[in-house]
Amino acid sequence: MKILEGTVYGEPYKYVCPPVNPELVTWVHEQFGPVGGTLIGQRWYFNDFHLWFRDDEDLTLFLLRWT
C-alpha cells in the first residue's frame, strides 16, 4: 500500500487507499475508536475509500495487520 501525506482541517495526516473491505474498517474502528466525522483533530478518518491516520504508530499497526 502506498502511503501518502495530506492535511485534514489543516492538520497533517498520512493516508492509504486500501482495497474495499468492510471488515477492515470495522477493525480500525475497534482498534482506534469511532471514526472521525467533521470533528477537528480526530485520531483517524475514513472518506472516499482513504484511511487517514494522525499518528504514525496507528498507521504502522494498520499496515502490519492489513498488508
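This is a predicted model: local features need pLDDT of at least 70, side-chain atom pairs count only at pLDDT 80 or more; totals for chains, interfaces and linings use all residues.

Me: OK, how many helices and strands are in the protein?

Reply: The protein has 2 helices and 4 strands, where helices (H or I, at least four residues) and strands (E, at least two) are DSSP runs numbered from the N terminus. Along the sequence they come in the pattern β-β-α-β-β-α.

Me: And what is its radius of gyration?

Reply: The protein has a radius of gyration of 11 Å, which agrees with the value near 11 Å that a compact globule of 67 residues would have; the radius is taken over C-alpha atoms, and the globule rule is 2.2 Å times the number of residues to the power 0.38. Taken along the principal axes, the C-alpha atoms fill a box of roughly 30 × 25 × 20 Å.

Me: Which residues of helix 2 are buried?

Reply: In helix 2, which covers residues 56-66, the buried ones are Asp58, Leu59, Phe62, Leu63 and Trp66; buried means under 20% relative accessible area, exposed over 50%, and partly exposed in between, with a 1.4 Å probe and protein chains only.

Me: Why do they line one face of the helix?

Reply: Seen down the axis of helix 2, these buried residues fall within an arc of 135 degrees, so they line one face, the arc being that of the directions from the helix axis to the C-beta atoms. The face turned away from that buried side carries the exposed residues Glu57 and Leu64.

Me: What covers the buried residues of helix 2?

Reply: The cover includes strand 2 (11-16), helix 1 (22-32) and strand 4, with contact meaning heavy atoms within 4.5 Å.

Me: Changing topic, where is Asp48?

Reply: Asp48 sits in the loop between strand 3 (44-47) and strand 4 (50-53), and Asp48 has a positive phi of about 45 degrees although it is not a glycine. With a relative accessible area of 65%, Asp48 is exposed.

Me: What about Phe49, which loop does that lie in?

Reply: Phe49 lies in the loop between strand 3 and strand 4, and its phi is also positive, near 60 degrees, in a residue other than glycine. Phe49 counts as partly exposed, because its relative accessibility is 47%.

Terms used:
Residues are numbered from 1 along each chain as its sequence is written. Side-chain values use heavy atoms; hydrogens and water are left out.
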